[in-house]
Structures are given as structure tokens and as C-alpha cells.
Amino acid sequence: MLNYIHGELYRAAHNKAFGGTVALLAGLGIFFHMVLRGIAADTPSFPYATTSYSYSVLVSSPDLFRAAAFLMASLLYESDRRNGIDKNSLAFGLSRTGIFLGKCIAGAVACTVAMVVVLAAYTGAAMLLSQSGPVLLSDLLQEVAAVFPASVASMILCVALLMLFEKGVAGAFVWVFLLFVLPRLVVMLGAALQSEAVMRLAMWMPQNLFATGMEVNMSQCITIWSTPQGMLRCILSGTGCCVLFTLFGIVALRKKDF
């Protein structure tokens, strides 16, 4: 198992699409801030050339982290089934569960490194802007801590779906449904039934939880994770999803033939 994880990490480190995407995202972050600074140089009254606006772009969009986790996992593993890599791993004696868990562990490490690189480039470039406004770097770092477990859960679900479906597009549709559509349907169901139990369940889903009371703009920064209780709920919600999607992957893959 350790050898398999080491091999997956080696593959990730030498995956040109993965590395190229990380470099592209980091470059886009830098370019974004250079554009803001350039506009501000020509238009002194331009209100968006501030670190607050820069950080607010990410703080107001926690779903970007889960989407990025899906993208990175897809770049790493989308072609494995099509190219017979999973079959080769089975032929060497690894179980489906072992392959799945090995990919999840290696993918989590690789995606975390990618996130650190991109965020370092983004926040470093933000230093080019005026240090003003209600949204601070600490708000962004709190968001990273709050959404990290849910982002790992997103990656785990992606790995499971890529191993289950012949076509990556089918897995992507299921991923979107489970993470974004289903939570809204549960809210609608709870409202229709006027059921507090269903509504409580809905509000533990990351998609609904992260949006609770969020007000991030040029004048204020209010998020669910800005309080200790809210941060704990975010972490527990994401961790619960990690466990749920891991169990889903293990059970489903045991019944699946490659």
C-alpha cells in the first residue's frame, strides 16, 4: 500500500497536465492583481485595487475550493480506467479498496500542495495592492481551514466516481448533483414539508452551510466560519462528508468490475 501511494505521488509530481494547471492558476492569480494595479495607476479613484477586494473574491466563493479539488483529481485520475492503469494495479495484487484509498491519500497530498502554491502566488501578488478594506488575509486563511475538509471530500467523491464510471463526464454530472443540486433539493423538501429535522439535515450540507449568513462585500465580511461554533460546524460537516464518500467509494467499488 505504501509503495502504491508513493507511486501515485510520483505520478502526480510528473503529471504535466496537473503541474501545468497549477502553474496556470498561479499565473492567473498574479495577472489578476497586475491588472488591478495597472487600472489603479491610470485611475486613482478605482475602488477595487485593494487587498480587501482581492481576498473577498475567494472568501465569498467557498465553492471554488471544492471545484478546484474536483478539477485536480480529474487531471490526476480521469484517464486511469480508460488506459487500463487500474486493471494493472489489480493484476499486481492490489484490491479495489486499496487502489481507491491510495488514490485518495496521494490525491489529497498533491491537491494540498497545489492549493498552497496557488494561494501563495495569489496572496503574494495581492501585496501589490492597497492594504485596506474589511476583508483581511486572516479571513481568507480562516476560509481555507473551514472549507478544507469539504474540499478533500469533494476530491474523494471525484476519485470514486472516476473509478465507477466509464466516462468522466458522467461522473462529473453525478458530482455536481450530489454536491450542489441535492443540498438545494433537501432545503426545498424541508420547506415543503415544514420539517425541522429535514431542514437541520440540509443545513449540515456544506453547500448550504457555507452560505449561511454570508455577507462579503466592500463594506463588511460576515461568514459562518468567523465564529468558533461556525468553524467547528464547517469542519465537522466536511469531515462527515469525507467519511460518507469514502464509505460510498469502498462499498460501490467492491461491487464493480473493471
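Visitor: What percentage of the 258 residues of the chain count as buried?

Guide: The share is 44% of the 258 residues. Buried means under 20% relative accessible area, exposed over 50%, and partly exposed in between, with a 1.4 Å probe and protein chains only. This is a predicted model, in which local features need pLDDT of at least 70 and side-chain atom pairs count only at pLDDT 80 or more, while totals for chains, interfaces and linings use all residues. Residues are numbered from 1 along each chain as its sequence is written, and side-chain values use heavy atoms, with hydrogens and water left out.

Visitor: Why is glutamate 8 called buried?

Guide: Its relative accessibility is 5%, so glutamate 8 counts as buried.

Visitor: What makes glutamate 8 and arginine 11 a salt bridge?

Guide: A salt bridge is a side-chain nitrogen of Lys or Arg within 4 Å of a carboxyl oxygen of Asp or Glu. For glutamate 8 and arginine 11, the N to O distance is 2.9 Å, so the pair meets the rule. Arginine 11 has 28% relative accessibility and therefore counts as partly exposed.

Visitor: Where do glutamate 8 and arginine 11 lie in the secondary structure?

Guide: Both are in helix α1 (residues 2–13), and because they are three residues apart, about one helical turn separates them. Helices are DSSP runs of H or I with at least four residues, strands are runs of E with at least two, and both are numbered from the N terminus.

Visitor: How many salt bridges does the rule give?

Guide: The count comes to three. One of them joins arginine 66 to aspartate 63, with the closest N and O atoms 2.8 Å apart. Both of these residues lie in helix α4 (residues 63–77). Arginine 66, at 2% relative accessibility, counts as buried, whereas aspartate 63, at 27%, is partly exposed.

Visitor: Why does the pair glutamate 196 and arginine 200 count as a salt bridge?

Guide: The closest N and O atoms of glutamate 196 and arginine 200 are 3.7 Å apart, and the limit is 4 Å, so the pair qualifies. Both residues are exposed and lie four residues apart in helix α9 (residues 196–202).

Visitor: How do you know that the radius of gyration of the chain agrees with a compact globule?

Guide: The radius is taken over C-alpha atoms, and the globule rule is 2.2 Å times the number of residues to the power 0.38. For 258 residues a compact globule would be near 18 Å, and the chain has 20 Å, which agrees.
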